[in-house]
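User: Can you walk me through some of the packing in this one? I'd like to start with the aromatic rings.

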Amino acid sequence: MTEQERIVQLRRELHEHNHRYYVLNQPTISDQEFDFLMHELQELEARHPDMCDPTSPTQRVGSDLNQEFKQVEHQYPMLSLANTYNENDVADWYESVRKGLNGQPFEVCCEMKYDGLSISLIYEEGRLVQAVTRGDGVHGDDVTANVKTIRTIPLLLPKGNYPRKFEIRGEILLPFKEFDRINKEREQAGEPLFANPRNAASGTLKSQNSRVVAERKLDAYLYYLLGEHLPADGHYENLQEAASWGFQTSRGMKKVKTLQEVYDFIKYWDSARKELPVATDGIVLKVNSLHQQELLGATAKSPRWAIAYKYKAERVLTQLQEVTYQVGRTGAITPVANMLPVQLAGTTVKRATLNNEDFIRSFELHENDWVYVEKGGEIIPKIVGVEQSRRDPKAEPVRFIGRCPECGAQLVRFEGEAAWYCPNDTGCPPQIKGRIEHFIARKAMNIDSLGPETVDDYYRRGLIRNVADLYTIDVQQINGDGSREKSARKIVNGIQKSTEVPFERVVFALGIRFVGETSAKLLARHFKDIDTLMAATEEQLTEVEGIGTVMARSVMDYFAEPRNREIVERLRSYGVQMAMTDNGDAATSDRLVGLNIVISGVFHHHSRDEYKDIIERNGGKNVSSISKNTSFVLAGENMGPSKLAKAEQLGVEILPESEFLQRYNLEETPSPSDGKPLRQEPEQLSLF
């Protein structure tokens, strides 16, 4: 694999991990593993500036946006932190700060790195007026009603020396005690358990029911003050003031003057943090002076004046009791280790993923083995080793099952894949329910009135057996005893509204194996309607740029199955969109045909994604990197310096936004930003 191919692979993997962490709250790797992949990508991109891409994971902050909440633009973007796991990197950061300040003395504020959900609180005249999640760093979710239920967040400040308007940021967390209580209740109710306190806090804060939020007793620690006319130039001093106003700030916070004092702080809290009531995964180091912070500035992603030191994953030894198996939406079988309960990173661990059969074999896992378990960053635990000295000589190796644990079908394994699959996709309950859950998801049919629990309930009651059955459900069936008429009507209306979802998202919603959101769009725009797509040959499918042989065969296999074609016909009969329309889904002109266009910068009239859509709908092609084949660069404000240099070197035209719209006679419709740049440069940079 070339370095260029590795860059593409890493970007794809990191985007997926970002999505699982921030959107699904279902991380599959530790923070440390994620950071190692990110560092590898950063190094490769530095060696290949010609592959610069503004959508690379290195250029963005992970998103936890929830479209059910009102979106709010942050006055100061919430940046993420650069991470390190060793003292040498801390020393390098310390030295870079010294050089950046031209040798002038500076102090460092050391504080705990809490592992929760980032929050921004806005106060005016001493009253809490708004609470916003980090979101994508530029926009976040307005969760004010839910935050008001958290007792450690003051709603009204006592009289004090605080600014008329200010912003304070921190973390929303679920204490270990409450996490254990909630999971015990969920287990007794037969509900899926939360993987860790961070996921539980995130899910709770985004609940549509503030009463649920209040019952779960969330906590909050605040760590950064922003605004004009702050009490002091020192970050540490400002937080001391904030504490006097009634805010709960970082425990054990300390201001130091030497690198050795930083090391001492890190060493002390490596063990002392385990006594804290909430999850922490490291230490945050910040240059104390706000003036010096401003001098040091920030990269596009991280402030130069701060860094996070993350502790290595904790490891414990416990005994394997049995291996059970779960079935996913695609039929993939995932083995799960069930172990003797053990305390790890502040929570009780009883289960750990084993990934697949090859993973089990790599450890030569035997029945009742004693295994080492890690849980880096308080996420999903995993087995990392076996203590063979404690193995029973008579123990048998763990053997992967041959039949589906849910329906009994003989498992199959596809060429080039590590996972085993249940082929009974039409009769295996977890696969059926999983496909329905995929169908109703926000990026698919967006039936937000339904959820996994509701799908499971309807399946058990016999109301649904496939996605088409959703459109036959009526209010009376849902209402039952008459106590749920309002919610029943909302669900039925939500299902009916999904018939307006454009064709390209319908293709994605069908859940065809290997067909993701982007490839579904490519297929829909190329074939225009479902009948042409269903009749496409392998040769015709692979003619679509971005569609390979494996995906093409998967599409053909899907439509070759009579049951799937029947579902498609039923969906068509219920009014689901089965063709591209003329209201923006299809190409609107050929004005940009033959043009390869690179987008860079911040725009006034449309977002970056909207410009990509405009280019595609008018026959143009979006490309990520500048080359001799680039027609021009569509340039907004703050165009990337590497792209600018590359364009000038190759003589590629740089076309400003308004000139682009005028030259090609394209619509110049103001965006919801009311004429402001969609991503403005901050007057003051801030952390998280």
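**Aromatic pairs and packing**

Analyst: This is a predicted model. The count of aromatic pairs comes to 23.

User: Take F166 and F247. What kind of pair is that, and why?

Analyst: The ring centres of F166 and F247 are 6.2 Å apart and the planes stand at 85°, over the 60 degrees needed, so the pair is edge-to-face.

User: Where do F166 and F247 lie?

Analyst: F166 is in strand β8 (residues 165-173), and F247 is in the loop between α8 (235-244) and β10, so the pair ties together parts 81 residues apart in sequence.

User: Are F166 and F247 buried or exposed?

Analyst: Both F166 and F247 are buried.

User: What about F632 and F660, how are those planes set?

Analyst: F632 and F660 make a tilted pair, with 5.9 Å centre to centre and 50° between the planes. F632 belongs to strand β20 (residues 632-635) and F660 to helix α24 (residues 657-663), so this pair ties together parts 28 residues apart in sequence.

User: And why do F632 and F660 count as buried?

Analyst: The cut-off is under 20% relative accessible area. F632 has 2% relative accessibility, so F632 counts as buried. F660 is at 0%, so F660 counts as buried too.

User: Which residues do ring pairs link into a cluster?

Analyst: Y123, Y162, F166, W245 and F247 are linked into a cluster by ring pairs.

User: Which sense does β4 take with β10, and over how many bridges?

Analyst: β4 pairs with strand β10 (residues 254-256) in the antiparallel sense, over 3 bridges. In that pairing C110 stands opposite K254 of β10.

User: And β11, how many bridges there?

Analyst: β4 is joined to strand β11 (residues 280-287) by 7 bridges, and the two run antiparallel. M112 has I283 in β11 as its bridge partner.

User: Now helices. How do α3 and α9 cross?

Analyst: The axes of helix α3 (residues 87-100) and helix α9 (residues 259-272) come within 11 Å and cross at roughly 145°. α3 passes α9 in a right-handed crossing.

User: Which residues meet there?

Analyst: From α3, E87, V90, A91 and Y94 meet L259, V262, Y263 and I266 of α9. By class, the contact of α3 with α9 has 7 nonpolar residues, no polar ones and 1 charged.

Note on methods:
Residues numbered from 1 in each chain as written. Predicted model: local features only at pLDDT ≥ 70, side-chain atom pairs only at ≥ 80, totals over all residues. Heavy atoms only, no water. Axes fitted to C-alpha atoms, helices over the stretch in contact; angles between N-to-C directions. Helix = DSSP H or I, 4+ residues; strand = E, 2+ residues; numbered from the N terminus. Left-handed = near helix turned anticlockwise from the far one by under 90°. Contact = heavy atoms within 4.5 Å. Nonpolar A, V, L, I, M, F, W, Y, C, P; charged D, E, K, R; others polar. Pairing = 2+ DSSP bridges. Phe/Tyr/Trp six-rings, centres within 6.5 Å; stacked < 30°, edge-to-face > 60°. Buried < 20%, exposed > 50% of the residue type's maximum accessible area, 1.4 Å probe, protein only.
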